[in-house]
Amino acid sequence: MLAGEFYFPQDTELAAVRLRAHRLIDRFNRTDDAQTLLRAGLLKKILGHAGAHLEMTPPIRFDYGCNTYVGDRCYFNFNATFLDCAEIRFGDDVLVGPNVSFLTPLHPLLAPERNFFFDAEGKKRNIEYALPIRVESGVWIGGGVTVNPGVTIGAGTVIGSGSVVTRDVPPGVLAFGSPCRVIRKLTAADSIRRTE
C-alpha cells in the first residue's frame, strides 16, 4: 500500500490497523477544549509523528493515522479528514482551516476493474492504490479545500478556501480555484507590516 501498488483495503492486517486508529480517534473526538494534555497524548498514539505544539480541533478523521506525520506548531481546524493510505507529511507551522480533506487513495478508472467482487472464500473485495501528499512548512490552507493524491504544496504557499488541489503547487504563491491554480507570487507587498 505504502509503495503505491494495488492492494485490497479489506486485508485483515489493514483492517486491524484502521480499527485501532478509529478507536483512538473516537476517544479524541469526545474530548473537550480543557483536555489539552489528553488530546496531545492521543495524537501521539494516532499519528506516525506528532510535532511539538500540534493542535487539532475535533472532530478529526483518519484511515490509519500512523501514515500521517505532522511537524511543529501546526494547527488543524475542525472536520479535518486524512485518508492516509499513503503517507501524508506536513512540515512545521502549517495552518489548516475547517473541513479540509487530504485524500491519498485512488481506484481504477474502468468500472469493471473498480467494482467490488467476491474472492474464492466469498469475501467482498475491491482494489485501490494510493499516492503520498506533502505539505511543506509555512503553508496556510483555507477552509473547505480538497488535496488530491500525489500532490506537493510548496513552502509558504497559501491555498484559498474551497480549492481542489489536483497537482503540485510551487512554494511562495497564492493559489486557489477548482482546479487550484497559481494566481501570483507572494511578495513583500503582502506583508501586514508594509508602509504605504
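Mentor: Leaving aside residues up to four places away in sequence, N29 touches P58, P59, I60 and R61, where touching means that heavy atoms lie within 4.5 Å. Please keep in mind that this is a predicted model, in which local features need pLDDT of at least 70 and side-chain atom pairs count only at pLDDT 80 or more, while totals for chains, interfaces and linings use all residues. Residues are numbered from 1 along each chain as its sequence is written, and side-chain values use heavy atoms, with hydrogens and water left out.

N29 belongs to helix 1, which covers residues 12-29; helices (H or I, at least four residues) and strands (E, at least two) are DSSP runs, numbered from the N terminus. Because its relative accessibility is 18%, N29 counts as buried, a label for values under 20%, with exposed over 50% and partly exposed in between, using a 1.4 Å probe and protein chains only.

Among the partners of N29 are P58 and P59, and the peptide bond from P58 to P59 is cis, with omega near 0°. Most peptide bonds are trans. P59 sits in the loop that runs between strand 2 (55-56) and strand 3 (60-62).

The axes of helix 1 and helix 2 (residues 36-46) come within 10 Å and cross at roughly 165°, the axes being lines fitted to C-alpha atoms over the stretch in contact, with angles from 0 to 180 degrees between N-to-C directions. Helix 1 and helix 2 are therefore roughly antiparallel, the term for angles over 145 degrees, whereas those under 35 count as roughly parallel, 65 to 115 as roughly perpendicular and the rest as oblique. Helix 1 passes helix 2 in a left-handed crossing, that is, the near helix is turned anticlockwise from the far one by less than a right angle.

On the side of helix 1 this contact is made by R20, L24, I25, R27 and F28, and on the side of helix 2 by L38, R39, L42, L43, K45 and I46. These contact residues divide into seven nonpolar, no polar and four charged, where Ala, Val, Leu, Ile, Met, Phe, Trp, Tyr, Cys and Pro count as nonpolar, Asp, Glu, Lys and Arg as charged, and the others, Gly among them, as polar.
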